[in-house]
Amino acid sequence: MDAAGGEQLSLAAVRDALVRLEDSVVFALIERARHPRNAAAYAPGGGGAGGRSLVEFFVREAEALNAKAGHYQKPEDVPFFPQGLPLPLFPTKSPPKVLHPLASLVTVNDAIWKMYFDELLPLFTVDGDDGSYAETVALDFACLQVLSRRIHIGKYVAEVKFQDAPQDYSPLIQAKDSNSLMDLLTFKAVEEKVKKRVEKKARTFGQDVTLEVNAGKQQVTASDSECKVDPTVLSKLYDQWVMPLTKDVEVEYLLRRLD
Ligand SMILES: C=C(O[C@@H]1C=C(C(=O)O)C=C[C@H]1O)C(=O)O
């Protein structure tokens, strides 16, 4: 992962990459929240799209285009519909081989897809239909991609943790003890900070910036209901789904690490 320092992996560098991606996650949700739910974009489509919903049609087509351009070569860039993706049409540079070769098999995208549409979308979009279906699904794709990237960076997190303490991880991997691996790789104090920081980022990035001077201050702090995305949704997203799924990726990667 270039963002984590090329072939030189460290937990600090990987965590830095995760912190920067929080900005992208918050902005992607803010953009999608400009439109209401637009349920028609998720309903089964007509014959022209093989009965698929607009969102599925869009993501499949967008991933095919991305693949032709050379995307999905890195272990953290995982397509939602990998079956039958076209090959790159242009030369690609192989990413540094810092992970175990089986890393490419690890994907939790099905769970991310289900979480995003069934749980998350209703929390940060309002009921309604503004007819902007094409924009809506493009914004959904942006949200899905950034969430997936963030979560699959868990492969690098797991590799660094393994390299830092092979003597602790190896017996658990050999025993296929997923629960103990999960306990070993979990840092509760880090998770608490992540939740607080994403909530703060949503509160900061989600305000309208004005130049009006109010009571001597350049910018009045918005209440949560005035923010473009409810900041508590961000901490819930990370607490209930993003961090648990990242840790699932870590465990899945580690279970293959000695193969
Ligand atoms: C990613 C890490 O592993 C776990 C998952 C975290 C996350 O997804 O943010 C945070 C702490 C750990 O419990 C990490 O240690 O940084």
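**Close-up views of a predicted model**

View 1. Twelve names make up the surroundings of the ligand: Arg15, Leu18, Val157, Leu185, Thr186, Phe187, Val190, Glu191, Val194, Met243, Thr246 and Lys247. Three helices each supply at least two residues of this shell: α1 (11-32), α8 (188-205) and α9. By class, the shell has seven nonpolar, two polar and three charged residues.

**View 2. Helices α8 and α9 cross.** The two axes come within 7 Å, at a crossing angle of roughly 145 degrees. The crossing of α8 past α9 is right-handed. On the α8 side, the contact uses Glu191, Val194, Lys195, Val198, Glu199, Ala202 and Arg203. These meet Pro231, Thr232, Leu234, Ser235, Tyr238, Asp239 and Met243 of α9. Sorted by class, the contact of α8 with α9 has seven nonpolar, two polar and five charged residues. Glu191, Val194 and Met243 take part in this contact, and Glu191, Val194 and Met243 also belong to the ligand's surroundings.

**View 3. Helix α3 packs against helix α9.** Helix α3 covers residues 109-124, and helix α9 covers residues 231-256. Their axes come within 11 Å and cross at roughly 170 degrees. An angle over 145 degrees counts as roughly antiparallel, so α3 is roughly antiparallel to α9. From α3, the contact draws on Ala111, Ile112, Met115, Leu120, Leu123 and Phe124. From α9 come Val233, Leu237, Trp241 and Leu245. The class count for α3 with α9 is ten nonpolar, no polar and no charged residues.

**View 4. Tyr72, a non-glycine residue with positive phi.** Phi of Tyr72 is about 70 degrees. Tyr72 sits in the loop between α2 (54-68) and α3. Is Tyr72 buried, exposed or partly exposed? Tyr72 counts as partly exposed, because it has 18 C-beta neighbours inside 10 Å. The cut-off for buried is 20 or more.

**View 5. Lys176, another non-glycine residue with positive phi.** Here phi is near 50 degrees. Lys176 lies in the loop between α6 (166-174) and α7 (178-185). Within 10 Å of Lys176 there are 8 other C-beta atoms, so Lys176 is exposed. Exposed residues have 12 or fewer such atoms.

Definitions and conventions. Residues are numbered from 1 along each chain as its sequence is written. This is a predicted model: local features need pLDDT of at least 70, side-chain atom pairs count only at pLDDT 80 or more; totals for chains, interfaces and linings use all residues. Axes are lines fitted to C-alpha atoms, for helices over the stretch in contact, and angles run from 0 to 180 degrees between N-to-C directions. Helices (H or I, at least four residues) and strands (E, at least two) are DSSP runs, numbered from the N terminus. Angles under 35 degrees count as roughly parallel, over 145 as roughly antiparallel, 65 to 115 as roughly perpendicular and the rest as oblique. Two residues are in contact if their C-beta atoms, placed from the backbone, lie within 7 Å. Ala, Val, Leu, Ile, Met, Phe, Trp, Tyr, Cys and Pro count as nonpolar, Asp, Glu, Lys and Arg as charged, and the others, Gly among them, as polar. A residue is near a molecule or strand if its C-beta atom, placed from the backbone, lies within 6 Å of it. A crossing is left-handed if the near helix is turned anticlockwise from the far one by less than a right angle, and right-handed if clockwise.
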